[in-house]
Amino acid sequence: MQTFNRRKLLLTVAGLALAGTGWAQDFPSRPIKWIVPYLAGTAPDITVRITAEAMSSVLKQPVVVENRGGAAGNLGAQIAARAPADGYTWVYSATPMATNMRMYRKPGYDVMKDFIHVGGITRSDVVLVVSGDSDIDSAKALVDRMRQQPGKLSYASGGVGTPAHMGAELILKSAGAQALHVPYKGASESANAVLGKQVDFALTISSVSLPHINAGKLKALAVTAPTRNPRLPDVPTLAEAGIAGVTLVSFGGLSLPAGTPQPIVQRVQQALQQVLADPAVRAKLEANGGEVVASKPDEYARNLASEISLTEKMMKVANITPQ
């Protein structure tokens with residue numbers, strides 16, 4: 001009986017392996033849906049649309065982008081986590097999906113358990129901006145103003161728990177200043193709030209704010225990366241501006257629902273690596289303001305895990321409690 005069961009188990013495993021090979025060879029046989037947990041027209045949306053178009057050509061099937069914004073990215077992530085694990089539903093996983101593991105008591109998914117992380121796509125720093133005609137011309141001047149008028153100035157972010165929100169709170173904590181937080185639904189909306197003078201300042205992803213900075217509509221006071229942004233060589237880092245201990249980088253990539261067969265995961269990963277190696281695709285992505293970082297599955301998963309740990313530390317420093 002034991003010998004029979006052993007043979008049956010081996011035959012089952014072999015059958016699954018052969019089936020997996022067949023799935024990989026046949027995949028994809030119909031259109032793929034790529035969920036973006038943010039609004040259309042945002043930097044993540046544009047990044048995904050550039051990548052999706054290129055991957056459609058490689059995979060010989062349409063990769064259709066579906067925007068499911070809401071709840072700081074949690075809504076789209078929840079939908080993706082519950083989708084069939086057959087390779088036909090992807091999600092744009094990014095920094096907020098990791099930060100939300102600590103920012104929300106019940107985000108509705110587990111970024112490390114409910115997904116297989118295929119790889120990274122781009123990385124972007126964050127820029128501290130004010131209106132182009134503001135009389136504030138440096139990060140130090142902004143901090144001084146907030147100290148002189150506690151709670152009078154307001155700032156926008158792309159939502160509670162986003163890098164922009166966390167970064168602003170850390171700046172305030174570091175500077176011993178106060179300001180009113182006004183959350184919006186995304187980075188583009190928070191930049192528009194500064195443009196429309198609904199708020200006094202914001203931390204926005206560079207890909208969103210760069211066109212407005214170049215047009216003189218926004219004024220860049222500092223960048224949050226460890227080094228200066230090559231596209232903004234005259235803008236100091238926060239450390240250079242006298243605000244120590246605040247370093248933020250936003251990143252995003254491609255993930256699949258947990259349980260997706262490994263041959264399909266590998267096929268998607270190969271396609272992603274292929275398009276990110278294409279100079280034309282890289283040029284489009286970088287024109288959108290991001291830096292292409294074609295990190296592989298293990299590295300990308302580690303980045304997300306590290307972001308969870310960093311968020312926990314940042315929340316303690318900024319005295320932020322889960323929603």
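The following legends describe close-up views of a predicted model of one protein chain.

**Figure 1. Confidence along the protein chain.** The chain has an average pLDDT of 89, and 92% of its residues score at least 70. Among the elements, strand 1 (residues 32-36) has the highest mean pLDDT, 98, whereas helix 1 (residues 2-26) has the lowest, 48. Over residues 1-20 the pLDDT stays under 50, and the model shows one contact beyond four places in sequence for this stretch. Where pLDDT is low, predicted coordinates should not be read in detail.

**Figure 2. The largest pocket and the residues around its centre.** The volume of the largest pocket is about 560 Å³. Its lining consists of 41 residues, and those nearest the centre are Tyr 38, Pro 44, Pro 96, Ala 187 and Ile 205. By class, 21 residues of this lining are nonpolar, 18 are polar and two are charged.

**Figure 3. Helices and strands that line the largest pocket.** Several elements each supply at least two residues to the lining of the largest pocket. The helices among them are helix 2 (43-59), helix 6 (163-175) and helix 7 (187-195). The strands are strand 3 (89-94), strand 4 (115-131), strand 7 (201-205) and strand 9 (249-257). Strand 4 gives the largest share of this lining, four residues.

**Figure 4. Strand 9 and its two antiparallel partners.** Strand 9 contributes to the lining of the largest pocket, and eight of its nine residues are buried. Strand 9 pairs with strand 3 in the antiparallel sense over four bridges. Val 91 has Ser 255 of strand 9 as its bridge partner. Strand 9 also pairs with strand 4, again in the antiparallel sense, over nine bridges. Here Gly 120 stands opposite Gly 253 of strand 9.

**Figure 5. The largest cavity and its lining.** Helix 4 (95-103), helix 6 and helix 11 (297-318) are the elements that give two or more residues to the lining. Helix 11 provides the largest share, three residues. The lining of the cavity comprises five nonpolar, three polar and one charged residues. Helix 6 also supplies at least two residues to the lining of the largest pocket.

How values were computed
Residues numbered from 1 in each chain as written. Predicted model: local features only at pLDDT ≥ 70, side-chain atom pairs only at ≥ 80, totals over all residues. Heavy atoms only, no water. 1 Å grid on protein atoms, 1.4 Å probe; cavity = no way out; pocket = protein on both sides within 12 Å on 5 of 7 lines; lining within 4 Å. Points joined across faces, edges and corners; volume = space filled by probe spheres on them. Nonpolar A, V, L, I, M, F, W, Y, C, P; charged D, E, K, R; others polar. pLDDT = per-residue confidence, 0-100. Contact = heavy atoms within 4.5 Å. Buried < 20%, exposed > 50% of the residue type's maximum accessible area, 1.4 Å probe, protein only. Pairing = 2+ DSSP bridges.
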